[in-house]
Amino acid sequence: MPGGQWKTNIDGAVSNEDWSGLVQLARREPAKTLRYLTSRLCSADAPLKWKAVRALAAVAGDREGMSENRIRRLLQRFLWLLSDESGNVPYGVPEAFGEVLVARPEFQAEFLPLLCSLAYDPERIQTGPIEQGVFWALGRVGQPAAACSPEAVEAVVRAAHQHPEPETRSIASWARSRF
């Protein structure tokens, strides 16, 4: 399928939330699809970002089409995008990270501690929309995140009660309720 048509088909499936159609398209071009969807996470358009988050979860959850190695590399890329060294502003990345860990729980033992550390480790802590995304991702993963890291739970509880931004307090409260 020509590149322009492929992109149009992917965008159409994401826009219409046609996850089964998207999975079929991704099976033909798995690496290209993951890269393209990851690039859509940084959209300033919140509905588009959330569709990309859900799209990545749908594609990652396809065990027949997405090998363990490919998903491991995706999660490693998310970690890179969330690091200071990457130079990126990783809007949507924490949310996608959480969704992929829900879709593929076999990766939680390896990657969940790293996601949790974004909530409390002074070397990795995030702020603003990225911090909100981390709290949302931890809540999305739920009890496994709470079992993995008491420090992350403490950070979420503290934010739910004391964070100066009302939206962050709200997201942290929701995350706490999921633990």
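Author: Let's begin with R27, which is partly exposed at a relative accessible area of 31%. Here buried means under 20% relative accessible area, exposed means over 50%, and partly exposed is in between (1.4 Å probe, protein chains only). The model is predicted, so local features need a pLDDT of at least 70 and side-chain atom pairs count only at pLDDT 80 or more, while totals for chains, interfaces and linings use all residues. Residues are numbered from 1 along each chain as its sequence is written, and side-chain values use heavy atoms, with hydrogens and water left out.

Which residue does R27 meet in a salt bridge, with closest N and O atoms 3.3 Å apart? The partner is E64. A salt bridge here is a side-chain nitrogen of Lys or Arg within 4 Å of a carboxyl oxygen of Asp or Glu. Because R27 lies in helix 2 (residues 19–28) and E64 in the loop between helix 4 and helix 5, the pair ties together parts that are 37 residues apart in sequence. Helices are DSSP runs (H or I, at least four residues), numbered from the N terminus. E64 is exposed, at 68% relative accessible area.

R63 pairs with E106, the closest N and O atoms being 2.8 Å apart. Since E106 sits in the loop between helix 6 and helix 7, while R63 is in the loop between helix 4 and helix 5, this pair ties together parts 43 residues apart in sequence. R63 is partly exposed at 45%, and E106 is partly exposed at 36%.

How many salt bridges does the structure hold? There are ten. One of them brings together the side chains of D11 and R40, at 4.0 Å from N to O. D11 is in helix 1 (residues 3–15) and R40 in helix 3 (residues 30–40), so this bridge too links distant parts of the chain, 29 residues apart. D11 is partly exposed at 28%, and R40 is partly exposed at 27%.

A search of the whole structure finds six aromatic pairs. Rings of Phe, Tyr and Trp (its six-membered ring) pair if their centres lie within 6.5 Å; planes under 30 degrees apart count as stacked, over 60 as edge-to-face and the rest as tilted. F78 and F97 make a tilted pair, 6.0 Å centre to centre with 50° between the planes. This pair links F78 in helix 5 to F97 in helix 6, 19 residues apart. F78 is buried, at 0% relative accessible area, and F97 is buried at 0% as well. F97 also meets F111: the ring centres are 6.5 Å apart and the planes stand at 65°, so this pair is edge-to-face. Because F97 is in helix 6 and F111 in helix 7, the pair ties together parts 14 residues apart in sequence. Together, F78, F97, F107 and F111 form one aromatic cluster.

Now for the surroundings. A nonpolar core is a set of buried Ala, Val, Leu, Ile, Met, Phe, Trp, Tyr and Cys residues joined through side-chain atoms within 4.5 Å. The largest one has 53 residues, and L75, F78, F97, L101 and L138 have the most contacts inside it. Helix 8 (residues 128–141) gives the largest share of this core, seven residues. Leaving aside neighbours within four places in sequence, L138 is in contact (heavy atoms within 4.5 Å) with residues including L115, C116, A119 and F179.

Definitions and conventions: Helices (H or I, at least four residues) and strands (E, at least two) are DSSP runs, numbered from the N terminus.
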